[in-house]
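Please work through the following exercises with the structure at hand. Each task is followed by a solution in steps.

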Amino acid sequence: MASIKTFLLLYLLLSYICNNSVLLSAARIGIGGHWQILLNSSGVVAMHMALTNRNTVVMFDQTGAGPSAFYLQHRVDGRRCTMSNQDTNDGSCWAHSVEYDILSNSIRPLQLQTDPWCSSGVLLSNDTLIQTGGYADGYRKVRYFMPCSDKSCDWIESNSELAADRWYASDQILPENDRVIIVGGRRSFNYEFLPKSFAEEEAFELPLLRQTDERRVEDNLYPLLHLSSDGNLFIFANHDSILLNYKNGKIVKQFPRLEGSRNYPSTGSSVMLPLDHSDGFKKVEIMICGGASPGAYNAAREGRFLNGLRTCGRMVITDENPEWEMESMPAPRMMNDMIILPTGDILIINGAQQGSAGWTNAINPELRPLLYRPTDTPGNRFSYLEASKIPRMYHSTAILLPDGRILVAGSNPNERYSYTNVDYPTELRVEAFIPHYMDSFYDDQRASNLQVGEGTNLVRYGERFTLRFTLMSKPKNGMGFHVYAPPFNTHSISMNQRMLKLECVELVRDANGAAHADLIAPNAIAAPPGYYLIFVVNGGIPSEGQWLRFIH
């Protein structure tokens, strides 16, 4: 009897050691990722954010929020700012935009001339950030920011104006060189192009926007836009969607309704799942997650905070008879951002569980990011990751960085910069979410030293090009080569975000780890002209991204 007890005790002890060693190993490699504070203050609220190919991030807020936390020496018109009471209360003596340098982890102020509050943007083929619309004096403005290496660049305003007011509009880059379509905005049920075909070109009516406008709420602002593989534009507003031939203004297809309210101020988020070379980048699948309950905006104004939506809809818009396939997140969520990771998985981050977008309209922040694996079986696709300690509510942003981290900033549900006596203070801290795949545990599996072509990063459409890299272990089955278009992010929308999985026709690696892959560039509809990050993904572990530029 004693020997049996001894055996059982020994068995239980060994089981405990084995099980806990597995848990310790899992914790060591950080399967849930972890968080890092990068800056205690960005100086301005990062209501809008965009990554440039100079490895900097442009952040900006509205100009009408009063003094920020970054005092300037001079106004835009050149007049000196003093420390007098009058000047310290003058919003033009404070920065409302900054450029964040990723490598040096530092910021410098930029100067805006007009108000870009709740505006839209897109990166042109030369990586100039074109920024459209805003509020009041910014309704019809066009602004440009061309990143530079000597830190002398700043915002420039165009002398030409948009055809209609663009407050809460959305932008999409088109396959033609540097042509942009701008859709919607408050009381603007139309779209227009930049540049215009001719100087007097007006906006074009879009009935979808008028039909989906909810009285006193709207719920169709910041339309969700995705360029499809046939060159037509997918437009989603409130709960309805169409495929628009923007060249002739004809509606090609009307899609089934997706239950719930998904656009601002209900503010769900959307993503185009990665396109794949195996079908010629033809299959296009859109995913929309989160949003607010019907009536949530007005209820929040009365102090009642309704639960957000838990549901996500996926639809292959290129199918002959497309239908929404529904899934449920573990908890309700709104004001969430959806970021395509280098692996092709989707990160759902930021937001709240109750209320809607708008000033002080939401409670119960959702601190836990969600990882969504699109290719897993339904019911097993969502998993929680490590929680942040910082609520990211209204006017927060998130973007993917070249090294694979997620930069998270912003959050200000208050009309001005407010740090005390409010439920959710103005948030100026900048942090990074560091996914598990960046752990040093995976370094022998990670490709490094990526180089595109022979000293140039220019890649012509349809051509074969070479990617050189170092890989110290044998390639895993299914090694992937993924290109990613960095978006303009604001209000839970990542405008122009897309990923493509490229075809590899030859892969060679020598005994010293030097490797090269010959890849086939896509077409301009699948990947409109501009700068992209290319990642080597080996066994689910991505390299750092390297910039390349697709050109005609």
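**Exercise 1.** Determine how the lining of the largest pocket divides by residue class in this predicted model.

*Solution.* Step 1. The lining has 17 nonpolar, 14 polar and 9 charged residues. Step 2. The pocket itself has a volume of about 720 Å³. Among its 40 lining residues, Thr343, Gly344, Asp345, Thr375 and Lys501 are the closest to the centre. Step 3. Strands β19 (275-276) and β35 (480-485) each supply at least two residues of this lining; β35 provides the largest share, 3 residues.

**Exercise 2.** Identify the partner of cysteine 289 and state the handedness of the link.

*Solution.* Step 1. A disulfide requires two cysteine sulfur atoms within 2.5 Å. The sulfur atoms of cysteine 289 and cysteine 312 are 2.1 Å apart, so the two form a disulfide. Step 2. The angle about the S-S bond is 115 degrees, and the link is right-handed. Step 3. Cysteine 289 lies in strand β20 (residues 285-289) and cysteine 312 in strand β21 (residues 311-316), 23 residues apart.

**Exercise 3.** Decide whether cysteine 118 and cysteine 504 are each buried or partly exposed.

*Solution.* Step 1. Buried means under 20% relative accessible area, exposed means over 50%, and partly exposed lies in between. Step 2. Cysteine 118 has 0% relative accessibility, therefore it counts as buried. Step 3. Cysteine 504 has a relative accessible area of 30%, so it is partly exposed.

Note on methods: Residues are numbered from 1 along each chain as its sequence is written. This is a predicted model: local features need pLDDT of at least 70, side-chain atom pairs count only at pLDDT 80 or more; totals for chains, interfaces and linings use all residues. Side-chain values use heavy atoms; hydrogens and water are left out. On a 1 Å grid over the protein atoms alone, a cavity is a set of points where a 1.4 Å probe fits but cannot get out, and a pocket is an open set with protein on both sides within 12 Å along at least five of seven lines; lining residues have an atom within 4 Å of a point. Grid points are joined across faces, edges and corners, and a volume is the space filled by probe spheres set on the points. Helices (H or I, at least four residues) and strands (E, at least two) are DSSP runs, numbered from the N terminus. Ala, Val, Leu, Ile, Met, Phe, Trp, Tyr, Cys and Pro count as nonpolar, Asp, Glu, Lys and Arg as charged, and the others, Gly among them, as polar. Buried means under 20% relative accessible area, exposed over 50%, partly exposed in between (1.4 Å probe, protein chains only).
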